[in-house]
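Open the model in your viewer and keep the sequence panel beside it. The stops below say what to select and what to look for.

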Amino acid sequence: MAKSAAANHLLSTLTPLHRHTHTCSIVHGFSQKFKRFHCLATKHNFHSKVSGERAQYFPPWFSVAPMMDWTDNHYRTLARLISKHAWLYTEMVVAETIVHQADNLDRFLAFSPEQHPIVLQIGGSNLENLAKAARLANAYSYDEINLNCGCPSGKVAGHGCFGARLMFDPKFVADAMAAIASNCDVPVSVKCRIGVDDRDSYNELCDFVDTIASLSPCRHFIIHARKALLNGLSPDQNRKIPPLKYEYYYGLLRDFPETRFTINGGITCIDQVDAARRQGAHGVMVGRAAYNNPWSTLGYVDSALYGMPCSGVSRRQVLEKFQVYADSVLGKYGPKSPNKPSIRQLIKPLLHLFHSEPGNGLWKRKADAALRNCTTVKSFLEETLVAIPDSVLDSTLVQGQPTCENGFANFGDLLPPPYRSSTYQRQSLCVKELAANCLT
Ligand SMILES: Cc1cc2nc3c(=O)[nH]c(=O)nc-3n(C[C@H](O)[C@H](O)[C@H](O)COP(=O)(O)O)c2cc1C
């Protein structure tokens, strides 16, 4: 897809108000490669914007986390029907998959234009393959490419230096980010933990960030604010057991004023997103809550965070649109096509749409039964939606989101001591000073 076409599409998703206040402008990013339209700007937030001579990079205010088997095309289609402004991350796609499936790339990389703004997350530890993957993915016009440095899964971490294990080798990550950036036209970012195993001090986290920010064009880090334990915990436990240390995140904001950070981990409602931002967070990423309760989590993003009027859309309307999408996907493939998704895969993201609502339990039981015989999403919905009262199906989101415990106290007392740069950084500074002296 041509870049200008993607930019025009993005422009068309803005409301007239936003078009008026932020007419489309060409923005020069922090590397020569980063020239792109930033019509994604909303009233308060540019992903990147011109500031005097130098372009500044701003991460999205709100994003939905990359989640394997969850944030697939079907989920992202549903999410976009609920929020026009949330940034959507793909599931992680392994660089080798992209490289080895170069003839079948649509299966892994294609998405509909409505899904912009969208970020591709890749995983890998081979520089050549990461570079090739970025080059191949570039043709799909993602809005950013992200490298996974946080996944503790045995399946991933066992394949050499991959996922969270990459945090042990910041120099490699810097090389990887440089390789990815020089093979694509969009900003690049890293998603990482605050530490791995016993490499979990604040200073070590800063060394990681400092090395990458000083040796590569990466200026955006998504910080899942708990460490990863590579042995003994399942991926699920690794998302629950290591304690959240938001103070590390806020320490990074203080110690790296030129770098942008998105906070992630344990944020479950829009009140908390708002509170994190009021504390200074550049961006907030939400994972499980956006999947397990999409209506309440994503439904308030546009109005509460981006200052848009409530969309007034109901779940019945969302489902009608989703059904058209899902049945058209089914219709695209012949019955024996290996790429044809099952009806179960298509329906999966819908199953949380009535979280905590009257009729939810019955709807799930009916869904289970219907999945055994329905061949279209239309028939699935006809058979199951009788379980949900009309008052739920037709209710719309109203201004003012439900409140929850915000959990973002003032971190003043907890902040780690300011970063002291590591031996590596001090050595490289010495080398630079020596070189400067030699030249004078
Ligand atoms: C089912 C599932 C799959 C995940 N897959 C990925 C992944 O592919 N890449 C990644 O960086 N993080 C992955 N994560 C971690 C999330 O992106 C996020 O960092 C984590 O869930 C913490 O955020 P939360 O507390 O808002 O859920 C996954 C999480 C879940 C629940």
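**Ground rules.** This is a predicted model: local features need pLDDT of at least 70, side-chain atom pairs count only at pLDDT 80 or more, and totals for chains, interfaces and linings use all residues. Residues are numbered from 1 along each chain as its sequence is written.

**Colour by pLDDT.** This is the predictor's confidence in each residue, from 0 to 100. The protein averages 85, and 79% of the residues score at least 70. Select residues 1-46: here the pLDDT is below 50, and the stretch has 76 contacts in the model beyond near neighbours in sequence. A contact means two C-beta atoms, placed from the backbone, within 7 Å. Residues 49-54 also stay under 50, with nine contacts beyond four places in sequence. Where pLDDT is low, the predicted coordinates should not be read in detail.

**Show the cartoon.** Expect 20 helices and twelve strands. These are DSSP runs (helices H or I, at least four residues; strands E, at least two), numbered from the N terminus. Of the 440 residues, 44% are buried, that is, with 20 or more other C-beta atoms within 10 Å of their own, C-beta atoms being placed from the backbone.

**Select the core.** The largest nonpolar core has 105 residues. Such a core is a set of buried Ala, Val, Leu, Ile, Met, Phe, Trp, Tyr and Cys residues joined through C-beta atoms within 7 Å. Ile145, Met177, Ile180, Ile223 and Val284 touch the most other members. Domain 1 (60-311) and domain 2 (315-394) each supply at least three residues; the bounds come from an automatic or database domain assignment. Now centre on Ile223. Beyond four places in sequence, its contacts include Cys192, Ile194, Tyr249 and Phe261.

**Move to β6, residues 87-94.** Six of its eight residues are buried. β6 pairs in the parallel sense with β5 (residues 62-64) over two bridges; pairing requires at least two DSSP bridges. Val64 stands opposite Leu88. Trace the chain from β5 through α3 (residues 73-82) to β6: this β-α-β crossover is right-handed. With the strands pointing away from the viewer, such a path runs clockwise from the first strand over the helix to the second. Next, select β7 (residues 118-123), parallel to β6 and joined to it by five bridges. Val94 has Gly123 as its bridge partner there.

**Finish at α11, residues 270-278.** Which residues of α11 are buried? Ile270, Gln272, Val273, Asp274 and Ala276 are. The buried residues pack against β5, β11 (260-264), β12 (283-286), α13 (294-298) and α14 (301-305). Just after α11, stop at Gly280, with a positive phi of about 115°.

Note on methods
Buried ≥ 20, exposed ≤ 12 C-beta atoms within 10 Å, placed from the backbone.
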